[in-house]
Amino acid sequence: MPDPADHERTVREAFTKQASDYAERSVLSDPEKIGRLIRATEPSSKARVLDVATGPGHVAFGFAAVCDEVVGVDITRAPLEIATERNQQRSSANIHFGQADAGNLPFATASFDIVVCRLAFHHLENPSLVLREMARVCRTGGTVAVADIVVSEFPERASYQNRFERLRDPSHVRALQRSELLALVTEQGIEITDVRSGTVVQNVAQWLDLAQTPEPRADTVRKLIEADAKHDLSGTRPFSEDGELYFTHRTAIVVGRRVRSESGTTE
Ligand SMILES: C[S@@+](CC[C@H](N)C(=O)[O-])C[C@H]1O[C@@H](n2cnc3c(N)ncnc32)[C@H](O)[C@@H]1O
């Protein structure tokens with residue numbers, strides 16, 4: 001059995017290395033994409049929000065502009081330091097950042113109105129445990145939202161994409177199929193109210209650069225994507241334009257209402 005401490009170390013190494021690039025890249029801080037996620041949760045201005053695996057706080061800052069209070073947690077210190085520094089430059093003091101493992105959230109049961117997690121599920125060894133924690137800290141009737149990349153519903157095509165994603169970034173465990181994500185959310189007593197699909201076109205060179213994938217691994221990834229372009233192997237529809245290689249990430253935002261308490265009774 002793999003040691004969970006090894007994976008935690010891999011995640012910390014990856015996001016310490018990527019912290020400042022991740023904070024700057026517009027593809028990740030795009031206000032339109034963050035706004036779409038926020039609107040999907042229909043937040044009330046009085047809401048207390050938890051952003052799980054907040055990184056440099058892109059989503060947390062977005063919620064803080066429209067909600068009373070936001071807490072952002074992450075397992076990696078480097079992006080949290082960037083988030084904290086940015087927070088200190090703001091005039092309002094309604095965000096708090098802290099270090100925590102998403103699988104063991106240091107918060108009381110039912111202490112948030114909205115619990116959200118973006119672009120982190122594919123880094124988790126146990127997404128079901130994290131969803132259980134997200135549901136636990138959300139009040140009954142509150143909102144849980146997960147946004148992430150999703151892979152093909154066809155297992156071989158899903159494996160092909162997860163293979164090149166893992167080679168690019170060893171902290172990538174497995175992007176889920178949209179149907180798997182919906183099932184995991186439902187299993188935790190969260191009634192799905194909205195599912196939104198999207199796509200993000202990735203420039204392969206920039207995407208490898210963000211993860212700082214070393215050669216020759218980066219070359220293997222490029223070759224896998226080129227083969228995919230020829231033989232349609234993953235559903236990510238790679239293509240070349242002006243000498244640059246691209247592929248398309250599929251994304252899903254899954255939003256639900258927490259309807260079941262920890263004891264399993266419907267409320
Ligand atoms: C791709 S970044 C996403 C950051 C942010 N959610 C966003 O959308 O901009 C993934 C983040 O997940 C964090 N992470 C991965 N596993 C975690 C865990 N078990 N607990 C808390 N954070 C975790 C990483 O440290 C990293 O900051």
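Covering the buried residues of α11 (217-231) are, among others, α8, α10 and β8; contact here means heavy atoms within 4.5 Å. Helices (H or I, at least four residues) and strands (E, at least two) are DSSP runs, counted off from the N terminus. The model is a predicted one, so local features need pLDDT of at least 70 and side-chain atom pairs count only at pLDDT 80 or more, while totals for chains, interfaces and linings use all residues. Residues are numbered from 1 along each chain as its sequence is written, and side-chain values use heavy atoms, with hydrogens and water left out.

The residues of α11 that end up buried are Ala218, Val221, Leu224, Ile225 and Asp228. They take up an arc of only 120° around the axis, which puts them on the same side of α11. Buried stands for under 20% relative accessible area, exposed for over 50%, and partly exposed for anything in between (1.4 Å probe, protein chains only); the arc is that of the directions from the helix axis to the C-beta atoms. An α-helix has 3.6 residues a turn, so residues three or four places apart point the same way. Over on the other side of α11 sit Lys230 and His231, both exposed.

The peptide bond from Glu215 to Pro216 is cis, with omega near 5°, and Pro216 belongs to the loop between α10 and α11. Just after α11, Asp232 has a positive phi of about 50°. Arg237, in the loop between α11 and β7 (239-241), has a positive phi too, near 45°, without being a glycine. Elsewhere, Glu42 also shows a phi near 45°, again in a residue other than glycine. Glu42 sits in the loop between α4 (31-40) and β1 (48-52) and is exposed, with a relative accessible area of 68%. Most residues other than glycine have a negative phi, and most peptide bonds are trans.

Turning to α8 (residues 155-168), this helix has 14 residues and reaches 20 Å from its first C-alpha to its last, close to the 20 Å expected. Its buried residues are Ala158, Tyr160, Gln161, Asn162, Phe164, Glu165 and Arg168. These pack against β5 (138-150), α10 (204-211), α11 and β8 (244-258).

His7, Val11, Ala14 and Phe15 are the buried residues of α1. They cover an arc of only 85° around the axis, and this places them on the same side of α1. Their packing partners are α2 (19-24) and α6 (77-88).

What about the ligand? It is surrounded by 18 residues, the closest being Ala53, Asp74, Thr76, Ala102 and Arg118; a residue is near a molecule if one of its heavy atoms lies within 4 Å of it. A polar side-chain atom of Asp74 comes to 2.6 Å from a ligand oxygen atom. On the nitrogen side, a ligand nitrogen atom lies 3.2 Å from a polar backbone atom of Ile75, and a ligand nitrogen atom is 3.1 Å from an N or O atom in the side chain of Asp101. Taken alone the ligand exposes 600 Å², and the protein buries 95% of that; accessible areas come from the Shrake-Rupley method with a 1.4 Å probe, and for residues only the protein chains shown count as cover.

Asp74 turns up again among the contacts of Thr54, which touches Ala60, Gly72, Val73, Asp74, Leu80 and Phe97, not counting residues up to four places away in sequence. Thr54 is in the loop between β1 and α5 (58-64) and counts as buried, at 6% relative accessibility. The side chain of Thr54 also makes a polar contact with that of Asp51, at 2.7 Å. A polar contact is a pair of N or O atoms within 3.5 Å; within protein, one must be able to donate a hydrogen and the other to accept it, and residues adjacent in sequence count only if both atoms are side-chain atoms.

Definitions and conventions:
The expected span of a helix is 1.5 Å times one less than its number of residues.
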